[in-house]
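Here is a short report on one protein chain. Keep the sequence and the model in view while you read.

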Amino acid sequence: MDSGTAPASGYVALYAIYNPTTGATALLAKNATAGLQAEVYAGGNMPAGYTASALIGVIPTNAGSQYVVCWIAVCRSAKSCSEPSRVR
């Protein structure tokens, strides 16, 4: 999470982030319960050196603040999506 903990019975936005200096990649989660999320992470808590991001999807959480099992489609264009990838 970019700050705090995952919300109970809410939503978390999951971003892929990239550090061009080291080539490192990671995931960054953000509380998304309040509404629509930007395609690029706009928060102030990106780890040092990470300068690029992309929204992967928004995942629901249960009453215990745990991610609910869901599917995220991997799309190469707006016209076609491949089989979904399972996220836990």
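β1 and β2 form a hairpin, with 6 residues between the two strands. Gly23 sits in that turn and has a positive phi of about 80°. Strands here are DSSP runs (E, at least two residues), and helices are DSSP runs too (H or I, at least four residues), both numbered from the N terminus.

The model is predicted: local features need pLDDT of at least 70, side-chain atom pairs count only at pLDDT 80 or more, and totals for chains, interfaces and linings use all residues. Residues are numbered from 1 along each chain as its sequence is written, and side-chain values use heavy atoms, with hydrogens and water left out.

**The chain overall**

The chain has 5 strands and 0 helices. From the N terminus on, its elements run β-β-β-β-β. Of its 88 residues, 25% count as buried. Buried means under 20% relative accessible area, exposed means over 50%, and partly exposed lies in between (1.4 Å probe, protein chains only). Contacts also reach along the sequence. Among those between residues at least 6 apart, 50% join residues at least 24 apart. A contact means heavy atoms within 4.5 Å.

**The sheet**

Which strands make up the open sheet, and in what order? The sheet has 3 strands in the order β2-β1-β3, with antiparallel pairing. Its edge strands are β2 (25-31) and β3, and each of them pairs on one side only. Neighbouring strands of this sheet are turned by 25° against each other on average, direction ignored. Such angles are taken between axes, which are lines fitted to C-alpha atoms (for helices over the stretch in contact), and run from 0 to 180 degrees between N-to-C directions.

Two strands pair if DSSP finds at least two bridges between them. β1 and β2 pair over 7 bridges in the antiparallel sense. β1 and β3 also run antiparallel, joined by 8 bridges. The table lists some residues of β1's pairings.

| Residue | Opposite residue | Strand of the opposite residue |
|---|---|---|
| Ala13 | Lys30 | β2 |
| Ile17 | Ser53 | β3 |

In a regular strand the side chains alternate between the two faces of the sheet.

**Two nonpolar cores**

A nonpolar core is a set of buried Ala, Val, Leu, Ile, Met, Phe, Trp, Tyr and Cys residues joined through side-chain atoms within 4.5 Å. The largest one has 7 residues: Ala13, Tyr15, Ile17, Leu28, Ala32, Tyr41 and Tyr50. β1 gives the most to this core, with 3 residues. A second, separate core has 6 residues, including Ala6, Val12, Leu14 and Ala29. In soluble globular proteins, nonpolar side chains tend to be buried together.

Leu28 belongs to the largest core. Leaving out residues up to four places away in sequence, Leu28 touches Met1, Asp2, Ala13, Leu14, Tyr15, Ile17, Tyr41 and Met46.

**A buried charge**

Asp2 lies in the segment before β1 (11-18). What is the nearest side chain of opposite charge to Asp2? It is Lys30, 5.7 Å away. Asp2 is buried yet has no salt bridge. A salt bridge is a side-chain nitrogen of Lys or Arg within 4 Å of a carboxyl oxygen of Asp or Glu. For charge, Lys and Arg count as positive and Asp and Glu as negative, while His and the chain ends are not counted. Beyond residues up to four places away in sequence, Asp2 touches Leu28, Ala29, Lys30, Asn31, Tyr41 and Asn45.

Most residues other than glycine have a negative phi, and most peptide bonds are trans. Ser9 has a positive phi, near 50°. Ser9 lies in the segment before β1, and is exposed, with a relative accessible area of 52%. Ser65 has a positive phi as well, near 65°. Its place is the loop between β3 (52-60) and β4 (70-75). Ser65 is partly exposed, with a relative accessible area of 28%.

Tyr67 lies in the loop between β3 and β4. Tyr67 is partly exposed at 36% relative accessible area. How far apart are Tyr67 and Ser9 in space? They are 9.4 Å apart, C-alpha to C-alpha, and 58 residues apart in sequence. Apart from neighbours within four places in sequence, Tyr67 is in contact with Met1, Val12, Ala29, Ile59, Pro60 and Thr61.
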